Amino acid sequence: MNQLLILGAGGHGKVMAEAAEAAGAWQHIALLDDRHALLDGTLRWPVLASIEEAGRFVSEYSHAIVAVGDSRRRMAWLNQLSSFGFLIPTLIHPAAWVSPSASLGEGSVVMANATLQADIRLGRGCIVNTGASIDHDCSIGDGVHICPGASLGGEVMIGHGSWLGIGCAVIQGVRIGGKVTVGAGAAVISDIGEGLTVVGVPAREISRGMK
């Protein structure tokens, strides 16, 4: 019996739980959150305990995934879940389009109305959020968050841990380094180096980004 444990019961956790329900692959879904005493009984799914207690549920839940927005925490917890013995799924909402030639890493989630085209390589622990579009032959590193409505042209490369804001656009062939922040609505028309924050149309650097 497939049972899914989701780490995080905030907004992202609720959206992931609904995506998992819609996918129909799970007989039971539960969440962990450090606010479990406040949240349990307020959601459609039980909130069992704090995230730190995940290991004690490995005998009850076959699969576990992380619904935490911070990339470093998300990747750290994915590694921890694997060490506990959980299976780490890839979660795809049935209203998304994912090419059969795309490759998706474990712990990644593809939300409703997202589009992933031919020969995409998506790393571990990525979030492709609602209505985002990734065109052919893109390579996306681990822990990347592509926010709602973001659009990537073909053959874009993105390094580990980057964050692409709501509604941004990246033209074909651009290289974006790791730990980059792209502001909402930005238009990226040239390569971006490691750790930068860029905003605007066209996108321009405003600061050194995530450390």
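Q: In β2, which residue is the bridge partner of Leu 7?
A: First, a quick note: this is a predicted model, where local features need pLDDT of at least 70, side-chain atom pairs count only at pLDDT 80 or more, and totals for chains, interfaces and linings use all residues. Residues are numbered from 1 along each chain as its sequence is written, and side-chain values use heavy atoms, leaving out hydrogens and water. Strand β1 (residues 3–7) pairs with β2 in the parallel sense over five bridges; strands are DSSP runs of E with at least two residues, helices are runs of H or I with at least four, both numbered from the N terminus, and two strands pair if DSSP finds at least two bridges between them. Within β2, the partner of Leu 7 is Leu 32.

Q: How many of the five residues of strand β2 are buried?
A: Here "buried" means under 20% relative accessible area, "exposed" means over 50%, and "partly exposed" is in between (1.4 Å probe, protein chains only). Strand β2 covers residues 28–32 and is largely enclosed by the rest of the structure, because the number of its five residues that are buried is four.

Q: Which strands stand at the edges of the open sheet of six strands?
A: The order to follow is β5-β8-β11-β14-β17-β20, with parallel pairing. An edge strand here has a single partner strand, so one side of it is left without a neighbour in the sheet. That describes β5 (97–98) and β20 (187–188).

Q: Which residue in β14 stands opposite Ile 134?
A: Look at β11 and strand β14 (residues 151–152), which pair in the parallel sense over two bridges. Opposite Ile 134 you'll find Leu 152.

Q: What are the edge strands of the open sheet formed by five strands?
A: This sheet is also described by an order: β6-β9-β12-β15-β18, with parallel pairing. Its edge strands each pair on one side only, and they are β6 (103–104) and β18 (175–176).

Q: In β15, what is the bridge partner of Ile 140?
A: Two bridges join β12 to strand β15 (residues 157–158), and the two run parallel. The β15 partner of Ile 140 is Ile 158.

Q: How many salt bridges does a search of the whole structure find?
A: Side chains of opposite charge can pair when their charged atoms come close. To count as a salt bridge, a side-chain nitrogen of Lys or Arg must be within 4 Å of a carboxyl oxygen of Asp or Glu. With that rule, the search of the whole structure comes up with five.

Q: How many residues apart are Arg 44 and Glu 18?
A: These two form a salt bridge, with their closest N and O atoms 3.2 Å apart. The pair links distant parts of the chain: Arg 44 sits in the loop between α2 (36–39) and β3 (63–66), while Glu 18 belongs to helix α1 (residues 11–23), and the separation is 26 residues.

Q: Is Arg 44 buried or exposed?
A: Check its relative accessible area, which is 54%. That value is why Arg 44 counts as exposed.

Q: Which residue meets Glu 106 in a salt bridge?
A: The side chains come within 3.2 Å, N to O, in the bridge between Glu 106 and Arg 124. The pair links distant parts of the chain, 18 residues apart: Glu 106 is in the loop between β6 and β7 (109–110), and its partner in the loop between β9 and β10 (127–128) is Arg 124.

Q: Which residues does a cis peptide bond join?
A: Most residues other than glycine have a negative phi, and most peptide bonds are trans. Here omega is about -5° for the cis bond. Pro 202 is found in the loop between β21 (196–199) and β22 (204–208), and the bond joins Val 201 and Pro 202.

Q: What is the phi of Asn 113?
A: Asn 113 is found in the loop between β7 and β8. Asn 113 is exposed, because its relative accessible area is 52%. Although it is not a glycine, Asn 113 has a positive phi of about 65°.

Q: Where is Lys 179 found?
A: Lys 179 has a positive phi too, near 55°, and is a residue other than glycine. Its relative accessible area is 34%, so Lys 179 is partly exposed. Its place is the loop between β18 and β19 (181–182).
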